[in-house]
Structures are given as C-alpha cells and as structure tokens.
Amino acid sequence: MNALLLQSALDPVLVPLYWLLALWSEVMFFLADSTGLELLQYQFMHRAILVGLCIGVMAPLIGTFLVHRQLALIGDALAHTAFAGVAIGLFLNGVLNFGVSPYLSAVVVAIIAALLIELISEATDAYNDVSMAIVLSTGFALGTVLISINAGGLAVGINQYLFGNLSTVSAENAAILLVLFAIIVGTVALTRNQLLYVTFDETAAAVSGLSVTWYNRVMVMLTALVVVGAMQIMGVILVAAMLVVPVAAAAQVSRSFNESLLVSVVLAELAVILGIATSYYGDATAGGVIVLVAVAIYAVTVIVGKIQSKVGSDAAPEIGSIDAAETRSNSD
C-alpha cells in the first residue's frame, strides 16, 4: 500500500521524464545504427550515459564553489551519510516491506546530514572539518548497523551503491536524477552572484545584507543532491572525486572563476564519456575508471599549466634589462 501511494505521488513528476528518457533512447538507437557502437544498443547504457552527462555538469558546478571555500571533503562526508540513507531505504523495503526508493531515502538523509554539518559548526564553534568528521562517522556507523541487522537481505543490494553499477540505473532512478539536475542547475543559476559573493568574502557579503548562513546551507544541500545523484554510477566510495578532481584540473589552466567553471564541466564530461566507454568494453567498474580518467586528465592539465606559466614568464620583459637600457639611453 505504501509503495502504491509513493508511486502515485511521484507519477505526476516522473511520467513526463519517462517520456524524455524514451526520446533519449531513440536518439541513442539512431546513433548506434549510424556508428555501429555496441554500447549504444542497450537501454541501460542509454540511461547510464545520460546520468553520467548530468553528473558531468552538476558535480563541477557545485565543486567549483566548494574547492574555493576549502570544503572539498564535504562531498566525502555526505557520501557516507547518503550510504546510511540507502541502508535505511533497503531496510524499510527488506524488513518492513515499506516500498520506498533507496535513492529517495538517500536524498532525505543526505540533506539532513548537510544541514547538521552547518548546525554543528554554528552551535559549537567547531571547524567545518570537525563537524564533517562527526556526521561522516555517524552516517557510516548507522548504515553498517542497519546492514548487520539483516545482512542476508541487505549486503547483496548494498554493493551497487558502494561501488556503482551501470546496469542498475533504472528508469525511475534516472528520472529522479533529472529532477535533481533541474533543481541544482536552476538554483545555481538564480543564486550564482550571491553564492559567489559569499564564497570569496563572507564578511563583505554579511555587511551588504546577504544572509551568509542561508546561502551556506543552500550550498551544502545542493552538494547533498549532487552526491546522491552521482552515487548511481560512481558509488559511495568514489563519488566525492567528481566534485574535486575536474575542478582541480581546471584550476591549472584557467585564469578566472567563470573560465574555471566552464573548463571543469568540459573536463568532467570528458572523464565521464571516456570512463563509461572504457568500463563497458573493459568490463570494469565504471566509477573507478571514471575517477582514474579524471586523475589522468588532472595530470595532463598540471603539465599544460606549467608550460603556460613557463611560456608566459619567458614572454614577459625583464624589468632589470629595461631599466639598464633606459639608463644608457638617458646618459647618452
């Protein structure tokens, strides 16, 4: 009964998205016929590619703000609490036959954890890394306890959430991801200037009348949504990498915040596409391959950044030589 109620509540939102997923599959089938690529011939790969492309936008979009705030590890903390949310969903389904999607329970728990990180930091004057460590430990402990209570039923299902799995991206989960994608991109588009102001100068933002606390909470909640969305193919263990690695790579070759944001999205999409293709043909775990590709891209950008710096320094005139030449000219 609960499952039917949940399904009927979600239908008004998800049914149009199922239509979009079907249209996306038609495009993929057309590309499969045109290119002969095997991985485009299966619907589960269509959903996995779409989810990956969305992650390639969401993760660096939020990660760019987090890295500049020195909150790179918050993704890891929320990933472990999202694991607890998945365990709660599986527990409710397996033990109580409640009929709730583990991804929806993960969304709820991750958002609560994100707010707790902020509240603990505000209430105790503790550093953010302390509150993150507390929430991370609590979330992972709760998840392991729930799994141990009914190990036979939960341990098998939990592996796909820990390590990610291309073949388990269902139509419902892909549709939920599209909703999360719209919320994240829409919120950042509406609050970009305020988030940017708070990111680089909280004191000035507060003096100007912005609610710094509110925008900090918005940022951590958006991070929670990204983590849950990316967990489908990245897994809990590796999901935080997509928030940090493409952003760190973009920082090596970018000269402004906007350029860094754009480059990080491009690099993340490249890592996702190459990672999914490599994992499919190599029969490897998608999340691990995507992260390895992203790290390889980071290594390349470090080299490119060093070359750019070297070329720039060589092209710049030496002040000492100019002064000497001008001195000789004036003396003559």
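Starting at the N terminus, the elements of this chain run α-α-α-α-α-α-α-α-α-α-α-α-α. That comes to 13 helices and 0 strands. Please keep in mind that we're looking at a predicted model.

Now, how do the pieces meet? Of the contacts with a separation of 6 or more, 76% join residues 24 or more positions apart.

The axes of H2, residues 43–68, and H10, residues 241–253, come within 8 Å of each other and cross at roughly 75 degrees. Angles from 65 to 115 degrees count as roughly perpendicular, so that is the word for H2 and H10. Which residues meet here? On the H2 side you'll find Ala59, Pro60, Ile62, Gly63, Thr64, Leu66 and Val67, and on the H10 side Met242, Leu243, Val244 and Val247. Sorted by class, this contact has 9 nonpolar residues, 2 polar ones and no charged ones.

Let's stay with Ile62 for a moment. Leaving aside residues up to four places away in sequence, Ile62 touches Ile184, Val188, Met219, Leu222, Thr223, Val226 and Leu243. The largest nonpolar core has 96 residues, and Ile62 and Ile233 are the ones that touch the most other members. Which helix gives this core its largest share? Helix H9, residues 212–238, with 16 residues.

Finally, let's zoom out to the whole chain. Of its 332 residues, 45% are buried.

Definitions and conventions. Residues numbered from 1 in each chain as written. Predicted model: local features only at pLDDT ≥ 70, side-chain atom pairs only at ≥ 80, totals over all residues. Heavy atoms only, no water. Axes fitted to C-alpha atoms, helices over the stretch in contact; angles between N-to-C directions. Helix = DSSP H or I, 4+ residues; strand = E, 2+ residues; numbered from the N terminus. Parallel < 35°, antiparallel > 145°, perpendicular 65-115°, else oblique. Contact = heavy atoms within 4.5 Å. Nonpolar A, V, L, I, M, F, W, Y, C, P; charged D, E, K, R; others polar. Core = buried A, V, L, I, M, F, W, Y, C linked by side-chain atoms within 4.5 Å. Buried < 20%, exposed > 50% of the residue type's maximum accessible area, 1.4 Å probe, protein only.
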